[in-house]
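Hello,

Here is the structure I promised to pass on to you. Please have a look at it first, and then read my notes below.

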Amino acid sequence: MKPDLDTQVLVVGAGPVGLTLAMDFALRGIRVVVAELRHRGEAPSVKCNHVAARSMEIFRRLGVAQKLRNAGLPPDYPNDVAYRTSFVGAELTRIPIPCRRDRYVAKDGPDGWWPTPEPPHRINQIFLEPILFEHAAAMANVTMLNRTSIDGFVQDADGVTATARDLETGETYRIASRFLVGCDGGRSEIRRAIGATLSGDAVVQRVQSTYIRAPGLIGLLKVPPAWGTFSLNPKRSGNVYAIDGRETWLVHNYLREAEADFDSIDRDWAIRAILGVGPDFEYEVLTKEDWFGRRLVADRFRDRRVFICGDAAHIWVPYAGYGMNAGISDAMDLSWTLSAHLNGWAGDGILDVYERERLPITEQVSHFAMNHAHAMAKQRGGVPENIEAEGAEGDKVRAAVGKSAYDLNVQQYCCAGLNFGSYYTGSPIIAYDGETPPPYTMSTFTPSTVPGCRVPHVWLRDGGSLYDALGPEYTLMRFDPAIDVSALTNAARLRNVPLAVLDVDAPEAHGLYREKLVLSRPDQHVAWRGNTLPADALALVDRIRGAT
């Protein structure tokens, strides 16, 4: 019999969300066990192709950003998004995105201006996930259990006891934990077990996707390659993502409304039409990755000591990796609040924060993704029949289609608003001051210190990143070192709340940071601000630790 295990947190699922959660718990001194059905080293499916800037900021703090940045496409492979009449056909437009070699230094283009130490990174999940796994597995406080199924659990006022099964031997044993987090995907058994239900739009689109090996494809291009290439053609529209930048590709064929199932369209014909190649072109099907686009959000993310996170809590149309990247933000919000409780400086009230903060944002962003999916479907269905016509007439049509494609899709692939614009409202641990956060769209946002917003990033006078200078938990940023903040630091010490004080010397902060004091949470969201400390510093400390 396998011995029973005891841990502080049991995470079910070792995808990117579960691994991020485990890494952050471990850094905060929390013992965590991760249970995963797959073998160690077993490749994930070819899904998410994009790690958002906000996620890369998180990975920077976790110490894994550079490992990720060094993987994926070749260093000089363009990360652009191109729109053509077929993969090898005439180019209609191109959204320029720097290759990873130039990602830190390139400042032109639609996402070069972003105020962040970590721009986005185009990398497929088959490269991303193994790096996260090995990084997490090497950390103290993390125990990985591969080929392990969690077959059920019971919880009481003190903890959760799960029944685990070794899928190789069939042996069962118990895992006792203080809390359990389900990061077990869209078909989450943990979600079902806590009685949470999904609602929304069950089918937004159907996509016949195929992972192929085609070494000869890149040589057929008459223009530079791109990370993502959309084929806009009345014969067949789809898109192709470069996976290794040499010979492997993921081909998405978007089914039309009348095409009821994945087998209603000949896969080989559709692939050849999207690629623009003839019957003699050779390629190999590696896997079939067909999927439904959905917009489904759980009605709750928690039942007492059990939480759900990532795809277990929300399933979205997977444009620009919104689902995985939102799940990584879920993980960060849950990990620091749960760790604060387990480390003894936050009360039971902080356990309510995760659902109160993440569920409203999840619902909001899911509509961004769904609405964009509908807009793209309309664009695909409206491609003129003469898109490939020769001469001036064809040139005019292609220019119009190209402009329309650029204007619509630059929002998706250069989505500053979704990265940096979201904010928490109605949170019990944020000291609001009555000012409304600035609105944001998919592509635009206004940096703000309104409580609940992401802490605006600035570069310090010495060239360092503000985010690197922040402490691991709460940090009081002081823009006037003459202000006495001892009342707040003493109150924090009295309540055992970890609080660092950072005197910020950053010329570009002037005008952006109006108040002389700004309190940053562990997840780089603003908790409070002011020109002087509040009259009752202890009350502020009690609020931010969930004790009021």
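In which crossing, left-handed or right-handed, does helix 1 pass helix 4? The crossing is left-handed, a term for a near helix turned anticlockwise from the far one by less than a right angle (clockwise would be right-handed). Before going on, please note that this is a predicted model, in which local features need pLDDT of at least 70, side-chain atom pairs count only at pLDDT 80 or more, and totals for chains, interfaces and linings use all residues. Residues are numbered from 1 along each chain as its sequence is written, and side-chain values use heavy atoms, with hydrogens and water left out.

**The helix pair**

On the helix 1 side, Pro16, Leu19 and Met23 make the contact (heavy atoms within 4.5 Å), and their partners in helix 4 include Leu128, Leu132 and Phe133.

**The cysteines**

How many disulfides does the count come to? The count is zero, where a disulfide is a pair of cysteine sulfur atoms within 2.5 Å. For Cys99, the closest cysteine sulfur is in Cys414, 15 Å away, which is too far for a bond. Cys414 has its closest cysteine sulfur in Cys415, at 7.6 Å, also too far. Cys99 is buried, at 7% relative accessibility (buried means under 20% relative accessible area, with a 1.4 Å probe and protein chains only). Cys414 is buried too, at 4%.

Best wishes

Methods
Helices (H or I, at least four residues) and strands (E, at least two) are DSSP runs, numbered from the N terminus. Buried means under 20% relative accessible area, exposed over 50%, partly exposed in between (1.4 Å probe, protein chains only).
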